[in-house]
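Subject: Structure for your review

Dear colleague,

Please find below the structure I am handing over to you. My findings follow it.

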Amino acid sequence: MSYLKIAQRNFWRNKRRTAITVSSIFFAVLFAVVMRSFQLGSYSLMIRNAIEQYYGYIRVQHPDFADDPSLENTFEFDQSLPETILRVPNVKAVTPRLETFSLASSGNITKGVLLLGIDPEAEKQFSNPEQFIVRYTISKNLTDISGMKPAFTDEVKRILGAHAGESFTDSVRLARIFDDHPIDAAQLNQILNLSRVQGRFITSNDSGVVISSSLANFLNIQVGDSLVMLSQGYQGTFAAGIYQVVGIVRMPNPDLDNRMVYMPLQLAQNFSNAHNLLSYMAVNLNDASDEALVAISNGLRKALAHTSLDVKTWQDLNRVLVQQIESSNQSGKAFLFLLYFVVFFGIFGTVIMMVHERMHEFGVLVAVGMQKIKLAITVLLEMLIMALIGVALGYLVGLPVIHYYHVHPIRLTGEMAKMMMDMGFEPLMPMAPFGSYVVWQGISVIFMVLLAYIYPARKILRLNTVSAIKR
Amino acid sequence: MAIIEVVNVDKIYNDSEVKVTALSNINLTIEKGEFTAIVGPSGSGKTTLLNLLGGLDSPTNGKIRVGDVWLNELKGSKLIDFRLRNIGFVFQSYNLIPVLTAGENVELIMQLQGVSARVRKQVAADMLVKVGLADRFASRPAKLSGGQQQRVAVARALASKPQFILADEPTANLDGKSAENLLQIMEHLNRNEGVTFIFSTHDQRVMNRARRVILLEDGRIKSDTLQ
Ligand SMILES: Nc1ncnc2c1ncn2[C@@H]1O[C@H](COP(=O)(O)OP(=O)(O)OP(=O)(O)O)[C@@H](O)[C@H]1O
Ligand SMILES: [Mg+2]
């Protein structure tokens, strides 16, 4: 008859009470793990979107570029620079960019754009914009095309109308707009055929440009059309040019998708009269953890000490995103705290019930000679068994859930999706994979149980045997 | 030497607004092998006296010796350990741990004493035989009648090999037949194995079986008779 066995027996003693305790622990852990996983998953998606599609983890740039990202704060490219950067441990790749604000027009529509002069080969190691090349665009007059067999139903027309002008990188993504309204396979094929877009990414010595899909939609531009670019060049010169759009990319980050124009580096330098000048070198890393980021940026600073260049991390460059994440993280944590608070009182309530029900029994045990500390330990074991079972069940259900939604992120639709996109985020809700946060939820709940244990522990250690027996 | 010696003991409850003198100037010795009843009207101090003899509570004045130990010299865990090794207890009701079987309840006290598992099991079975419950080793208390539960409590007290067993109204919650049965077992143990019993009771029939009757009234010993 070990104490563990007594504890085990007590576990089954009051089944309803045990069920309440275990299930509140179970739901707390499940809820906390899933919620936290969603939060962390969306943070890392936000970061990944921003960094990988555009910012880069680290940038080497002119010291004044951060405050005033104009062509005046550029620097001369020197072949030794990428070599120096690549020698720093954990640096995976480096790419040169020239970046400037420009006006882009087509017909009588004009829009401010982000002109990014890139080295298309080197860029593959970074944002790899080539992967976003658009293969399908739903044309605005698709629903007017006659001779459709079978004819479009009103519902299909409505969906096509709602997505008119939208571009897709592959047929699967396009087909997804009919998720809520299954469509005839033959009809889908017709739609795909009518929406097909030719297009390619730019090469190093290209004379054309690639633009993002929302921008193309806004300017009413298709592959093969011309784009007029107007800007202020280096040292106040006038910059202008006409470029053929050779491809369209759909950037997952909606903010970028609204205003991106990719140009080969040299073409961009010519356009803005910034010959051999760069805005920054973007650096990609093997290990993107916060610690590595600090270590590598310090390494870069040391390696570049002889130059006048500055090293900035994505966090330095992206204060807004960092703050957004931080404040969301804070409120997420506050919510978890509240959850644990509620769970604590749930557990505490059952513990109080348990103690009062068993006061007489405790009195008898101490009277016949059980040391209070031993009694306190058996009760601790009891509570820990419940806690561990609750936590284990929470993990058992929670881990497959987060794994599943990590691999198959939830894609938001409708208003929610629009809201996310308006804020500049991809309308995806991926979950973070297993991580220390999972362990912490379990530890937090067990901590709540230990906190609740203070009550029986005190009751037992201060037990007055005579009055306990009397009851 | 007497196994219990009570010297000039008063017990005054002072915790509420009114001061209650539960026991007043008690002097008493109990010898090994006694079968003694403490009787008296409700509120006369029977439970209080048994609690003091058992080291569950301490006197306001005076002192109590059990064996060769003055109880006032023991505190906290030492006192608990002293009870474990020297005193058997049977309470009025709900003596047993509901999640343990009858046998395990008896074993538990020996486990607390550090007796090995093999010996424990054997002794627990023997003790249940002594109280006529040989076949109820594996029964949970809820499956036993009130009288059977009290007999398991006696078996548990016996298993700890105490100097004496204190029983506060052990028959109060039992019907006549069960009470009679319990008493017979106690008497038998007393007569044949020399187990010392000190029990309190209201019940005239129980009283009649005692060999010594100590009558309390208003916290004083009114009479102390051998019969
Ligand atoms: N914890 C306490 N605080 C205050 N007074 C108490 C306390 N315990 C007992 N008393 C009082 O002490 C006196 C003796 O009580 P005790 O319980 O010893 O009587 P008893 O003879 O066992 O009575 P009963 O036959 O009803 O069990 C009573 O007046 C009772 O009210
Ligand atoms: Mg009493």
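In this predicted model, chain B and chain A bury about 2,100 Å² between them, 64% of it on carbon and sulfur atoms. Buried area here is the accessible area (1.4 Å probe) that two parts lose on being put together, summed over both. The size of an interface is often given in this way, as the accessible area lost when the parts come together. On the side of chain B, Ile80(B), Val99(B) and Leu112(B) lose the most area to chain A, together 26% of what that side buries. In terms of contact (heavy atoms within 4.5 Å), 26 residues of chain B meet 22 residues of chain A.

The two chains share 1 salt bridge, a term that denotes a side-chain nitrogen of Lys or Arg within 4 Å of a carboxyl oxygen of Asp or Glu. Arg9(A) forms a salt bridge with Glu104(B), and the closest N and O atoms are 2.7 Å apart. Helices α2 (76-86) and α3 (102-113) of chain B are the elements that give two or more residues to the side touching chain A; helices (H or I, at least four residues) and strands (E, at least two) are DSSP runs, numbered from the N terminus.

Chain A also carries a nonpolar surface patch of about 590 Å², made by Phe101(A), Leu103(A), Val228(A), Leu230(A), Phe238(A) and Ile242(A). Patches consist of residues with over 30% relative accessible area and no salt bridge, where like charges are joined within 9 Å and nonpolar side chains (Val, Leu, Ile, Met, Phe, Trp, Tyr) within 5 Å. Accessible areas come from the Shrake-Rupley method with a 1.4 Å probe, and for residues only the protein chains shown count as cover. Strands β3 (91-106), β8 (226-232) and β9 (238-249) of chain A each supply at least two residues of this patch. Ile242(A), in strand β9, is exposed, with a relative accessible area of 59%; buried means under 20%, exposed over 50%, and partly exposed in between.

Finally, His406(A) lies in helix α14 (residues 372-407) of chain A and is partly exposed at 33% relative accessibility. Leaving aside residues up to four places away in sequence, His406(A) touches Met431(A), Ala432(A) and Pro433(A). A polar atom of the His406(A) side chain lies 2.7 Å from the backbone oxygen of Met431(A).

Residues are numbered from 1 along each chain as its sequence is written, and chains are lettered from A and ligands numbered from 1 in the order in which they are written. Local features need pLDDT of at least 70, side-chain atom pairs count only at pLDDT 80 or more, and totals for chains, interfaces and linings use all residues, while side-chain values use heavy atoms, with hydrogens and water left out.

Methods
Buried means under 20% relative accessible area, exposed over 50%, partly exposed in between (1.4 Å probe, protein chains only). A polar contact is a pair of N or O atoms within 3.5 Å; within protein, one must be able to donate a hydrogen and the other to accept it, and residues adjacent in sequence count only if both atoms are side-chain atoms.
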